[in-house]
Amino acid sequence: MKLQKLAIALAVSAVLAGCSDDDVTEVNCGEGSTLIDNVCVVDPVEPVDPVECGEGTIKDEETNTCVIPPSTGPVDYYNSDNWETINPDVYASWASTANNTPEGGPTDLLEKNPVLVTAWAGYGFAKDYNRARGHHFALTDVIKSLRTGAPVVGHDGEVVGEAMAASCWSCKSTDVSRMYDLVGEARFANQSWSTWGHEMANTIGCADCHELGEDKLRLSRPYTARDLAKVGLTFEEQNHLDQGSQTCAQCHVEYYFDGTDSKKVKYPWDHWVPGEKTNYAAVVEYAGNDGLYEGYSAEAQLAYFDKIGFKDWTNAISGTPNLKTQHPEYENVVDKDSGMHQDFGCVSCHMTKMTNSEDQEYSNHNVRFDLDNVPSDCTGCHTVGGSNDLKTKMADRKAEITEIRFGENGVDARLNEVHFKAQAIWTAKGVKGIDTGATIAEAKANYEAALPSDAEMKNLLTMIRNAQWFWDSATASHGIHAHNFDEAKRLLTKAGTLLDAAIVEADKLLEDHGSTFTYDATNYDSKSKVQPLAGLDLEKMQSDKAEFIEKRVEKEWPHTLK
């Protein structure tokens with residue numbers, strides 16, 4: 001009402017100021033006012049009804065809108081940003097992992113080495129396999145990866161395009177341990193991958209390795225604690241250095257999950273004797289004297305899988321009941337004859353000590369191996385430019401491994417050859433594979449149906465399975481040239497020996513069954529050549545993934561892709 005009176009007064013004053021009793025001028029009123037007795041009067045304004053706010057929101061009186069109130073509950077320590085005040089230097093080093101991505105983007109390892117497509121045909125890694133960018137990008141990369149498929153909601157309300165189990169989140173987000181606490185490990189694991197996408201907000205961070213809001217180390221993944229205890233390495237009984245390494249073992253290990261025990265993550269460590277060369281032949285009652293099961297963790301794990309009759313998948317090219325090694329860095333380090341390096345752990349080289357502006361020491365949480373910033377304990381022996389120069393030593397080791405894999409008669413080339421020769425043998429036997437028009441699923445089903453009654457193929461494919469297991473145990477282990485160089489050479493040499501025998505057997509079977517197949521390596525020298533031979537349509541997979549990101553991730557999931 002006061003505003004109306006004021007407006008009237010101003011309007012009257014304006015009219016009187018411009019008029020005399022003898023000079024009456026017609027007045028035109030603007031929008032929101034009405035002419036009354038040749039005076040513009042402001043129209044009355046209807047009062048605005050106050051909004052009614054729902055549960056979880058409160059009314060902002062100034063804007064008459066509903067807002068989420070400031071949190072008054074406990075600090076969300078699954079979000080690493082909330083650790084900044086606890087230790088600013090450590091937080092800053094963790095946050096700097098955002099700068100670890102290569103300028104040109106992640107390296108496409110399938111393009112770099114197309115043999116990987118053949119080796120993993122019919123498995124997710126044949127679709128997409130890039131060099132890791134580091135912890136900061138772990139959550140983004142698993143969401144964007146073609147391996148995880150393109151699960152979208154179909155017309156009937158059901159999710160289609162699901163490719164992975166929920167446990168594939170296990171090493172990518174602090175929210176996994178939060179969900180274990182919230183719904184239980186079994187309920188979380190016994191779902192499909194996209195079921196929990198709306199809960200995965202935070203990438204690898206503080207809560208994965210530390211008690212919430214504290215410096216104290218912890219194992220946030222219960223499966224790691226269980227399996228470490230199996231091999232006598234109970235977390236609580238280790239010193240601080242070894243506990244640090246065991247927090248890394250929550251991810252940097254060989255693991256698997258199947259349809260049992262609610263699809264929980266498991267480590268195949270039941271028979272492993274850490275650090276001791278052991279013959280595990282008795283585990284599977286193997287009578288051979290070729291040393292197949294004699295060695296370290298790789299042999300222990302192969303014996304474990306063979307005993308339970310496990311395979312990760314059927315290779316879509318050869319029909320081999322394959323195993324996929326993940327990244328057994330922890331096992332390689334533990335198995336190493338450390339000698340003078342026995343007082344070193346993962347954090348010694350990957351989380352080196354730093355000093356802040358106040359000369360206070362802290363651990364660098366930009367987790368990587370920087371040859372320009374090695375621990376001071378190393379420089380006494382590994383003097384720059386000396387005979388034991390660390391950069392030179394690492395380069396020489398990498399070169400030797402590369403020669404074993406890709407040199408003349410290299411292991412990788414032989415692995416590719418034997419898979420395609422096995423496919424040709426199946427074709428000669430009348431079993432339809434991708435090469436004769438079958439889809440991935442059809443080829444797998446055909447091989448799986450034929451294999452139990454085919455003794456000669458069972459023998460050949462077992463050799464391929466074993467060879468690929470040892471090859472993968474070396475090549476999938478990040479930094480094995482530094483962690484356990486001798487083990488890398490041993491595993492690759494063992495794989496090569498098995499492949500030699502497999503190729504001899506394959507050549508015999510090709511001849512026995514009248515096959516005219518001739519292996520030509522130039523037919524398999526690029527990702528673009530091999531993926532179609534493995535039944536894959538890269539453009540469609542990329543299109544489906546883009547649609548999934550647009551329709552689900554960007555609309556429903558909390559993580560911002562980087």
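User: What is the basis for the residue numbers and for the features described?

Analyst: Residues are numbered from 1 along each chain as its sequence is written, and side-chain values use heavy atoms, with hydrogens and water left out. Because the model is predicted, local features need pLDDT of at least 70 and side-chain atom pairs count only at pLDDT 80 or more, while totals for chains, interfaces and linings use all residues.

User: What makes β1 and β2 a strand pair?

Analyst: Strands are DSSP runs of E with at least two residues, and helices are runs of H or I with at least four, both numbered from the N terminus. Two strands pair if DSSP finds at least two bridges between them, and β1 (residues 33-36) and β2 (residues 39-42) have four bridges in the antiparallel sense. Leu 35 stands opposite Cys 40, and Ile 36 stands opposite Val 39. The two strands form a hairpin with two residues between them, and Asp 37 in the turn has a positive phi of about 55°.

User: How do you know that β5 and β6 pair, and in which sense do they run?

Analyst: Three bridges join β5 (residues 149-153) to β6 (residues 159-162), and the strands run antiparallel; Val 152 stands opposite Val 160. This hairpin has five residues between its strands, with Gly 157 in the turn at a positive phi of about 85°.

User: Why is α15 called roughly antiparallel to α17?

Analyst: Axes are lines fitted to C-alpha atoms, for helices over the stretch in contact, and angles run from 0 to 180 degrees between N-to-C directions. Angles under 35 degrees count as roughly parallel, over 145 as roughly antiparallel, 65 to 115 as roughly perpendicular and the rest as oblique. Helix α15 (residues 411-428) and helix α17 (residues 455-475) pack at about 155°, with their axes 11 Å apart, which makes α15 roughly antiparallel to α17. Where contact means heavy atoms within 4.5 Å, the residues of α15 that meet α17 include Leu 415, Val 418 and Trp 426, and those of α17 include Leu 461, Ile 464 and Trp 471. The residues of this contact divide into 11 nonpolar, two polar and one charged, where Ala, Val, Leu, Ile, Met, Phe, Trp, Tyr, Cys and Pro count as nonpolar, Asp, Glu, Lys and Arg as charged, and the others, Gly among them, as polar.

User: What makes α10 oblique to α17?

Analyst: The axes of α10 (residues 297-308) and α17 come within 10 Å and cross at roughly 140°, and that angle makes α10 oblique to α17. The contact of α10 with α17 has five nonpolar, three polar and three charged residues.

User: Why is α14 described as roughly parallel to α15?

Analyst: The axes of α14 (residues 390-406) and α15 come within 4 Å and cross at roughly 25°, which makes α14 roughly parallel to α15. Ile 404, Arg 405 and Phe 406 of α14 make the contact with Val 411, Asp 412 and Ala 413 of α15.

User: What makes Tyr 223 and Tyr 267 an edge-to-face pair?

Analyst: Rings of Phe, Tyr and Trp (its six-membered ring) pair if their centres lie within 6.5 Å, and planes under 30 degrees apart count as stacked, over 60 as edge-to-face and the rest as tilted. By this rule there are 29 aromatic pairs; for Tyr 223 and Tyr 267 the values are 5.9 Å centre to centre and 70° between the planes, and the pair is therefore edge-to-face. Tyr 223 lies in α8 (residues 222-230) and Tyr 267 in the loop between α9 (240-248) and β7 (278-279), so the pair ties together parts that are 44 residues apart in sequence.
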